[in-house]
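Please keep the structure open while reading.

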Amino acid sequence: MSEHEQLSFSTGNEASDDSVVCLGLTFKNDDERREYFREELRKKLPELKQIEGFPIGEDEDIVALSDPPYYTACPNPWIHELTEKTDSTFKNVEPYFSDVSIGKSGAIYNAHSYHTKVPHKAIMKYLLHYTNPGDVVLDVFSGTGMTGVAGYLCGSRKEVESLGFSIDSSDVVSDENHQYRLGKRTVILNDLSPTAALISSNYNREIDTYNFMLESEKLLKDISNMFDKLFTTTDVLNGKQIIGKINYAVWSDNFECPQCNSIFNFFETAVDKNEKKVRDVFNCPVCTAELKKRILNYAYTEEYDEVLKKNIKKASQKLVLINYSYNGKSYNKIPDESDFSLINSIHLLDYDLQIPTSRMIEGDESRRNDKLGMTHTHHYFTKRNLLVISYILDKIKNSPYQSTYLGILRSSLSYSTRMVKVNISRLLNEGGIFSFGAVTGTLYAPSVNGERPVTNAFNSKLKSIVNTIPKDNKNIITNQSALDLRNIESNSIDYIFIDPPFGANLMYSELNYIWESFMNLYTDSTTEAIINNSQKKHLPEYEQLMTGALNELFRVLKPQRWITIEFSNSKSSIWNSIQYSLQKSGFIVANVSALDKKQGSFKTVTSTVAVKQDLVISAYKPSNEDSKNIMLNSNSEESAWLFVNQYLERLPIVLNENNLEFLIPERTPRILFDRMVAYHVQNGLPVPISSGDFQLGISNRYLMRDGMAFLESQVAEYDKTRAKFKEIFQLTLFVSDENSAIEWLRQQLLKTPQTRQDLHTKFMKEIQHLAKHEKLPELDDLLAQNFLRYDNQLEVPSQIVSYFRRNYPDLRGFESNDEKLRQKAMNRWYVPDPNKQADLEKLREKSLLREFNLYVDEMTKSKKKLKEFRTEAIRAGFKKAWSEKDYQTIVDIGNRLPETVIQEDDKLLMYFDNAQIKLGL
């Protein structure tokens, strides 16, 4: 049996007091190890505070929460020592494509909730592909630490086999296309948020589960003895008064009628109990006026806040439904006087507990409930739940498992706050706690919200989480900014996987603020990479922060290694910023793939409007030797071909999925040219070759197959695989501008030479999502400038002949000059051979530059912004100006373009940004 087969999650039945070896030191047990390194951490804190993103809080709270050297609730100073002995063998691989939505379920995935989470099984596929056992992986936006879980489980035979791989006796992992190695990967997990770092530690640290469960049993018993009485209700069943245990309660806001000023309860008035739904329109119970929720004003009440020691004004609520258990059965009841009396008495209780509270910070999200009187963190909980929370925090503060308990408590509160929404239909039909839903990505407090006893939630979550505590997991957790990784050595990381914050999707520091108030540690949001009005961070600031983080990732990654970025955002400007920041940092983008959720497959994306899908960006760090050679040849066109050579080496030779073979767009001349230009501009080098000469050079220097370029060493493998497939499938394109329109036409004509009439209807459907500013040439002009038409020359072009022979059996025996073949080919447009393509490209470039010069002339006569233009003409003009070092023209024209155009076009942004740098702007 392989040693990796032994790897599993702990059952909680083990007792161990064996000695522990850590960083060459031997300790009697884990407690001694922990206390030794905590003392060392205290000594290092003054220096660590110089690192960006150091959490806001007291030193002792940081030390108490940490389990060094593996987990520190601040920048981790032991990363180098924990990884320096790692043996790493270079793994030369191509970009990998996988379904990042796989496996969003299971005990591990559900153990700890968070705003976003990439399933560990999806990440495992990437780790197996890009790394070897023992390699060091980095995730600097780690969230819940799923990358660490994935790295740990790459050593689990059972878990790897569940992904569809087979494993032989030598621990070789195989599928039909690849071979990998079974074994754990070492993962460094970082997040700016103390909350996220805490969750990562719970997923990625081994603890003594036997003693932990002994301590937990006592804690649960104490909680039950102290607080069960606060979660009871009396009722009459079969003529007998009974005491039931509350499973959940439902609260509802009170509102004021705008017509008669009477106060009514929303649940009691707006919910149709027979139809079991909330009415859109309902009547005031006093004056019968027709009402809609959006026109209502909250009814307010004033009460004494014993935590703040003052009277506060808050939106009033009413307890409207209770579900309880008695003798193993559950029942609903409408609250009565005894229930209201219990609630009132709880407000008078004094348990001598320190209830944690903090004023909600300024923010786009965190102050949304000020109008409800929910100004402090303790206002998000009922008083009885607050008492339980405070009691737990007090009991665990000296426990060796404090951080584990804090993680369990945090997960328990997902269904125990005033932000728990209630599904009215489900509540009134089936009932049960599944009628509740945690509000995600916002601090919105619904008008009908559920209350689940923290006692129940904590008990349930503790029992479910204990089985997800790993054995012998030594992943490393650090809490700092991704913009400052000075505690990680340069060129020390074998692979990077990140799921970064995307623009204004989620306000992480604000959403985590409530939980962090319980930890007494808060996120330093100075370098938080988000778009946030309150923090005065907009798209330029977001891009600057992401570029700073990616600069650091480029520094620490070993040359020729890969970075994978999982992406989900609905704004093309954010996607463009990420790609641009990657290139600006020095990474070379090798592929951008979109997950087709309906088909469960990936399509390659070449347009920034296609962002309503989940995307995966694959990029690599070039070797020092490659970069040096290109730099040495930067004054000749040889630098272009040096780049193309090393780029083609990194691309997949074959891309097939579900028994279909797909075109690899990065191997097409147009994309190769774009990548080459981007590399030169981002590195401050002149662009050494025109588009037309590049097209010709590609055909002369490389072997072409299906419109794609291959190195000599690659083409045999492609030909062998290609012979198995009848046809090659094209990428899915989103036509948004002239460039993507040309590429769409190229795909259509490569597959089927067609007449203008054949193309017209389909083309008009494709351009309906065209950008507003885009001045797209007519279809006839696009065809004439980029393709060739057969108009009865003596011989039919070979491209058309090949198509006829593949698809028309009755034409297979004819020569290319046969009259029947010529008639069939008449007026069909086709993709020209490379020589003619180069000539067309040169003519097109001249046309584009003439158009650009018109814009320059227009700029001198008017100070207005350009409203409609050919983006391709702007790109061509910027390229020429860059080659001539005319940076001022680029900046002047760039300033006349709509801001969104620059933000959403990676090529224009690249020229504009670098031109500003050259001019010192």
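The crossing of helices α32 and α34 is left-handed. This is a predicted model.

**Helices α32 and α34**
- Helix α32 covers residues 887-896 and helix α34 covers residues 906-918.
- Their axes lie 9 Å apart, at an angle of about 125 degrees.
- On the α32 side, the residues in contact are Tyr-887, Ile-890, Val-891, Gly-894 and Asn-895.
- On the α34 side, they are Tyr-911, Phe-912, Ala-915, Gln-916 and Lys-918.
- By class, this contact has six nonpolar, three polar and one charged residues.

**How α32 is enclosed**
- Seven of the 10 residues of α32 are buried, so this helix is largely enclosed by the rest of the structure.
- The buried residues are Tyr-887, Thr-889, Ile-890, Val-891, Ile-893, Gly-894 and Arg-896.
- Their cover includes α30 (834-861), α31 (871-883), α33 (899-904) and α34.

**Helices α20 and α21**
- Helix α20 spans residues 624-632, and helix α21 spans residues 638-650.
- The two axes come within 8 Å and cross at roughly 160 degrees.
- α20 is therefore roughly antiparallel to α21, a label that applies to angles over 145 degrees.
- α20 passes α21 in a left-handed crossing.
- α20 makes the contact through Asp-626, Asn-629 and Ile-630.
- α21 contributes Ser-639, Leu-642, Phe-643 and Gln-646.
- By class, the contact of α20 with α21 has three nonpolar, three polar and one charged residues.

**Nonpolar cores**
- The largest nonpolar core has 223 residues.
- Leu-138, Phe-458, Leu-553 and Ile-563 have the most contacts inside this core.
- Helix α18 (residues 539-556) gives the most to this core, with nine residues.
- Leaving out residues up to four places away in sequence, Ile-563 touches Ile-496, Ile-498, Leu-550, Leu-553, Leu-582, Phe-587, Ile-617, Ser-618 and Ala-619.
- Another core, of 16 residues, lies apart from the largest one.
- Among the residues of that 16-residue core are Leu-759, Ile-767, Leu-776 and Val-831.

**Asn-739**
- Asn-739 sits in helix α25 (residues 738-751).
- Its relative accessible area is 14%, so Asn-739 is buried under the 20% cut-off.
- Asn-739 touches Arg-670, Asp-674, Glu-872, Arg-875 and Lys-907, not counting residues up to four places away in sequence.
- By class, Arg, Asp, Glu and Lys count as charged, and those are the residue types in this contact list.

**Ile-346**
- Ile-346 belongs to helix α11 (residues 337-346).
- Ile-346 counts as buried because its relative accessibility is 2%, and the cut-off is under 20%.
- With residues up to four places away in sequence left out, Ile-346 touches Leu-230, Lys-383, Arg-384 and Leu-387.
- Ile-346 and Thr-382 are 36 residues apart in sequence.
- In space, Ile-346 and Thr-382 are 9.8 Å apart, C-alpha to C-alpha.

How values were computed
Residues numbered from 1 in each chain as written. Predicted model: local features only at pLDDT ≥ 70, side-chain atom pairs only at ≥ 80, totals over all residues. Heavy atoms only, no water. Axes fitted to C-alpha atoms, helices over the stretch in contact; angles between N-to-C directions. Helix = DSSP H or I, 4+ residues; strand = E, 2+ residues; numbered from the N terminus. Parallel < 35°, antiparallel > 145°, perpendicular 65-115°, else oblique. Left-handed = near helix turned anticlockwise from the far one by under 90°. Contact = heavy atoms within 4.5 Å. Core = buried A, V, L, I, M, F, W, Y, C linked by side-chain atoms within 4.5 Å. Buried < 20%, exposed > 50% of the residue type's maximum accessible area, 1.4 Å probe, protein only.
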